[in-house]
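Hi,

Here is the structure I promised to pass on.

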Amino acid sequence: MLFGRSKKNPVKIADKSVVEWKYAACGYCSTGCSIEVGLNAEGRAVSSRGVAEADVNRGKLCLKGIFEHELFDSAGRGVVPKMREYWHEDWQETDWDTALDKVHDEIRRIQDQYGRDSFAIISTGQMLTEEFYTLGKLTRGLIGTNNYDGNTTLCMASAVSGYKRSFGSDGPPGCYEDFEHTDLLIAWGSNLPEQHPIIYWRMKEAQEKRGFPLIVVDPRVTMLAQNADIHLPITPGTDVVLQNAFMHVILKEGLQDQAYIDANTNGFEELKDEVEKYDPATAAKICGIDEDSIRHVARRFASAGAAMQIWTMGINQSTHGSDGVVGINNLALITGNIGKPGGTSLSITGQCNAMGTREWSSCSGLPNYRMLEVPEHRQEVAKFWNVDVEFFPGKRGMLQTDIYHAIESGQIKGLWLIATNPMSSLPNTARIRKAMEKLEFCVVQDCYVDTESAQYAHVYLPAGTWAEKEGVMTNTERRISVVKPIAAPPGQAKPDLWIFNRMAERFNKDGKVSFPERAPEIFLEMRELSAGRLADITGMDHELIENSRGIQWPYTKEQKDSGEPPPRGGKRLYTETAAFRYADGKAKLIPLPFIDNNEVPDGQYPVWLNTGRLIEHWHGRTKTGKIGNNNKYSPIPFIEINPDLCAELGIQRGEYVRLVSRRSDAIVMAQPTGRVPKNMVFLPFHFHDCANRLTLGLLDPHSRQPAYKQSAVRVEKITDQKEAACLSMEMRKF
Ligand SMILES: Nc1nc2c(c(=O)[nH]1)N[C@H]1C(S)=C(S)[C@@H](COP(=O)(O)OP(=O)(O)OC[C@H]3O[C@@H](n4cnc5c(=O)[nH]c(N)nc54)[C@H](O)[C@@H]3O)O[C@H]1N2
Ligand SMILES: Nc1nc2c(c(=O)[nH]1)N[C@H]1C(S)=C(S)[C@@H](COP(=O)(O)OP(=O)(O)OC[C@H]3O[C@@H](n4cnc5c(=O)[nH]c(N)nc54)[C@H](O)[C@@H]3O)O[C@H]1N2
Ligand code: SF4
Ligand SMILES: [Mo]
């Protein structure tokens, strides 16, 4: 017998026989990495690699980007339009004209019968910006429903609302380069190494060079918390209390930047009165962080030369999500940490183009942060699009989470879902299921045909995805990158832009409104509309963006003409020279009284249910569930559970357990770990019909975003493990 390494085959890297590399930006998360996809002699995509000269990722990619080319021919892709009379019938294949005519006719039938707003449209953060802009023009300018929103309400709505309340406008003020200038970083509810691996790499590299302290606020010991100098394991849902306590210490000890406050903000006295109530001893009892740590972190934050805060869903997905964002902004403002290198409040965005939809989709208003409520904005856009200004609604309609309630109550009768899968991603899916069953007409436009939501559709439109399309995306730091077509959509599937343009023809019979066919032309149209706006892109075009491997907005014609190559665009907003977006140019300090309105653990449901993500999977796994190298890491729904709780309940590692909430139950595998405290389980929400059976999802009053991370459950031991394994198979789908 042969033993030892010398007898083993040497490791060989497979030769993929790449003959050509094609450029795109990654279509998963909002980091915005530049990718090159390798094609073999037959033109098949066989490999992906990071682009070395791209400023964002500098040659790196994470586990999702590296296998992204496998999406093109993955299982479950939709290849032909389908129709049926009732959602529970079998599908009939059809042609595009028939399917699109049906959608047009049903939209108009429902609007004629029940009123314009009885048909709702819900889109996404995962299309290209020109697609968002075109859908916005079609919806606001021709279809005319005001119940038009995106899945970003589940994701970034609290950040948007918090930025608007503090600064007078949405738009993240910082950039990744700030890591290279900061003296201290607080990360609130953000697991950067798993959810934004390349931003994490940028942060870690800067930290290794400069040695700034990293403070992580998260109830779990996440991968980021493991690497932190100080980990503050906060009681779920109480971040606002900790923020108020930090400010209490800063103001009591006179550590604020009074000159900055006086010159740039309103509302200081009101804020001071409110935070007076949050002395560390009182706050500690609510937020679970001891007094000394509160004092210590507050002092270090206020005395750092430049201090930076980032956050993600641990803040946004809460009943005080918008307040949590305002609290972060308050802290930044009272210490003068906005708009300066290393001093910023940077929301880490979620989906690849969640920013593009905020800027251009018209979901919350009109293009480029214009508002339906502002007469000049309405006039400008109506004239530009050649539509009647009175056709625009006077104010924003329902948000996604409210649209489902309106379907339940019969106010909304028809729904067009575009690149979002609410049956997997909305809270309390039993309620969503009932709503979907009530729809008179539902059309699902998705690159996969096997989504949970397509079960309830009357028409299915097969879409292209990612680099089967052409257009731009904006990342977390406002950097616009271009995606170029690398593969053709499979079968008869079509790019979303093509679908919107064909739909527009049906609503635009007299040709009054123009719908350019190609993304580079649409970009030029958007560019015109951006002149003088916050997201000014008048200096950009597709070619310049590609050659620069991404440009940050604002990047104006004047900047371009002044010609400093290569163009970098605007690194920061609200710098010394650029005012806040309120009329007087000042930011608002807003007092944040804390109201504890969450579902909290009790005798019957004694354990916090915290839900979130894993590095290898993407949301409902329509994509990563089909890619072996991603799916193999965690094909089975599982919970992180504390070993002490396992011991108390007699649960062994790898056994299936039942989680029960007031809504429903789910079968998951137990993975004991010290990452969660004894009174919490963490459940990744990637698995079919699993996490969101359990969640309550109370809504934030400002942003209407659900509190996905704070529900109460009970963990039950299961004696028949075989049956449990079969039940859990259902949740593994794909
Ligand atoms: N691999 C991968 N990457 C992704 C995604 C994906 O599906 N897979 N999705 C993308 C999208 S759309 C988004 S929005 C981002 C999300 O990125 P993240 O927000 O970083 O990810 P999550 O796991 O949802 O939640 C982050 C943390 O919030 C913590 N948390 C829970 N409750 C609280 C609380 O009350 N306070 C605080 N401070 N923290 C709390 C959780 O313990 C968790 O560790 O990731 C993006 N990147
Ligand atoms: N419990 C719990 N639930 C959550 C969260 C949580 O942390 N916990 N997080 C929430 C957050 S932050 C988010 S962002 C949402 C995400 O919620 P969803 O938007 O429902 O999630 P995805 O699974 O990414 O759905 C995107 C759909 O678009 C399709 N698609 C992808 N690319 C394209 C394309 O180019 N064109 C078309 N037409 N279709 C495409 C995909 O196949 C998929 O079906 O989930 C939310 N739900
Ligand atoms: S970090 Fe995000 S953008 Fe970069 S390769 Fe990974 S998934 Fe793609
Ligand atoms: Mo998200």
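Met 473 stands opposite Ser 481 in strand S18, and that pair is a handy way into the sheet. This is a predicted model, by the way, so please read everything below as computed from it. Strand S17 covers residues 471-474 and runs antiparallel to S18, with four bridges joining them. S17 and S18 make a hairpin with four residues between them, and Arg 478 in the turn has a positive phi of about 65°.

On to the other neighbour of S18. Strand S19 (residues 551-552) pairs with S18 over two bridges, again in the antiparallel sense. Here Ile 480 stands opposite Ile 551 in S19. Put together, the three strands form an open sheet in the order S17-S18-S19, with antiparallel pairing. S17 and S19 are at the edges with a single partner strand each, so one side of each has no neighbour in the sheet.

How covered is S18 itself? Mostly: five of its five residues, 479-483, are buried. Arg 479, Ser 481 and Val 483 point one way, Ile 480 and Val 482 point the other way, and all are buried.

Among the buried ones are Tyr 163, Arg 165, Ser 166 and Phe 167. What covers them includes strand S12 (307-311), helix H12 (313-316), helix H13 (321-334), strand S13 (344-347), H14 and strand S20 (587-588). Just after H3 comes Gly 168, with a positive phi of about 85°.

H5 (residues 197-210) has 14 residues and reaches 20 Å from its first C-alpha to its last, close to the 20 Å expected at 1.5 Å a residue. Its buried residues include Pro 197, Ile 198, Tyr 200, Trp 201 and Arg 202. The buried residues of H5 pack against strand S8 (184-188), helix H4 (192-195), strand S9 (214-217) and helix H6 (223-226). Just after H5, Gly 211 takes a positive phi of about 65°.

Ligand 2 has 33 residues around it, and Gln 126, Asn 151, Ser 425, Asp 446 and Asp 496 come nearest. On the polar side, here is what I noted:

- Thr 420 has a polar side-chain atom 2.9 Å from an oxygen atom of ligand 2.
- His 619 has one 2.8 Å from an oxygen atom of ligand 2.
- Tyr 708 has a side-chain N or O atom 3.4 Å from a nitrogen atom of ligand 2.

Where does His 619 sit in the chain? In the loop between strand S21 (607-612) and helix H23 (628-631). With a relative accessible area of 17%, His 619 counts as buried, because the cut-off is under 20%. The side chain of His 619 makes a polar contact of 3.4 Å with the side chain of Arg 613, and another of 3.4 Å with that of Trp 618. Leaving out residues up to four places away in sequence, His 619 touches Gln 126, Gln 351, Arg 613, Phe 685 and His 686.

The other loop residue I looked at is Asn 368, which lies between helix H14 (354-360) and helix H15 (375-385). Is Asn 368 buried or exposed? Buried, with a relative accessible area of 0%. Its side chain reaches the backbone oxygen of Ala 535 at 2.9 Å. Not counting residues up to four places away in sequence, Asn 368 touches Glu 359, Trp 360, Ser 530, Arg 533, Leu 534 and Ala 535.

Cheers

Terms used. Residues numbered from 1 in each chain as written. Chains lettered and ligands numbered in written order. Predicted model: local features only at pLDDT ≥ 70, side-chain atom pairs only at ≥ 80, totals over all residues. Heavy atoms only, no water. Buried < 20%, exposed > 50% of the residue type's maximum accessible area, 1.4 Å probe, protein only. Pairing = 2+ DSSP bridges. Expected span 1.5 Å × (residues − 1). Contact = heavy atoms within 4.5 Å. Polar contact = N/O pair within 3.5 Å; in protein donor to acceptor, adjacent residues only side chain to side chain. Near = heavy atom within 4 Å.
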